[in-house]
Amino acid sequence: MEKVKAILEATKMDFEMHDNFKIRIKRLKTKAASISFGTRVIRLNKELANDPEFVTYLIYHELAHYKLHTRFHSYKFYKLLNSKLGEEKVKAIERKITRKMSEINHISRPFD
Ligand SMILES: [Zn+2]
């Protein structure tokens with residue numbers, strides 16, 4: 001959990017965000033992660049939370065939703081993520097997470 005919090009702080013700094021967020025590691029059935037705009041709680045799927053690469057990506061992903069205040073994966077959304085992490089890296093990690101989620105739960109679209 002300390003590692004997860006450190007990743008959260010580094011990501012907030014990168015996005016120049018000053019809000020406080022809480023992280024919960026949960027057994028999520030269909031999602032890799034989620035964020036509540038109201039309570040600023042980020043939920044990470046327990047099955048993905050031990051991998052720092054996954055955690056880093058998921059926190060960037062959820063904070064990008066918050067920063068742009070959208071639940072959609074629009075052009076603007078990926079433009080922001082790609083500018084921070086690199087397009088190839090974003091694609092590769094999403095593929096890895098999707099593969100992992102389909103192994104665990106037979107979920108084929110964890111980012112919808
Ligand atoms: Zn998303």
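Predicted model: local features only at pLDDT ≥ 70, side-chain atom pairs only at ≥ 80, totals over all residues.
User: Which strands form a hairpin, and how many residues are between them?
Analyst: β2 and β3 do, with 5 residues between them. In the turn, R40 has a positive phi of about 55 degrees. Strands here are DSSP E runs of at least two residues and helices are H or I runs of at least four, both numbered from the N terminus.

User: Why is β3 said to be largely enclosed?
Analyst: Because 4 of its 5 residues are buried. Buried means 20 or more other C-beta atoms within 10 Å of the residue's own, exposed means 12 or fewer, and partly exposed is in between, with C-beta atoms placed from the backbone.

User: How many residues are in the largest nonpolar core?
Analyst: 19, and L58 and I59 have the most contacts inside it. Such a core is a set of buried Ala, Val, Leu, Ile, Met, Phe, Trp, Tyr and Cys residues joined through C-beta atoms within 7 Å.

User: Which element gives the largest share of this core?
Analyst: α2, with 8 residues.

User: What does L58 touch?
Analyst: A32, A33, L44 and L48, leaving out residues up to four places away in sequence. A contact needs C-beta atoms, placed from the backbone, within 7 Å.

User: Y57: buried or exposed?
Analyst: Y57 is buried, with 25 other C-beta atoms within 10 Å. Y57 sits in helix α2. Y57 and E94 are 37 residues apart in sequence but 8.4 Å apart in space, C-alpha to C-alpha.

User: New topic. What span should α4 have?
Analyst: At 1.5 Å a residue, its 19 residues should span 27 Å, and the end C-alpha atoms are 27 Å apart, which agrees. The expected span is 1.5 Å times one less than the number of residues. Just after α4, H106 takes a positive phi of about 60 degrees.

User: In what order do the elements run?
Analyst: From the N terminus, α-β-β-β-α-α-α.

Technical notes
Residues numbered from 1 in each chain as written. Contact = placed C-beta atoms within 7 Å. Pairing = 2+ DSSP bridges.
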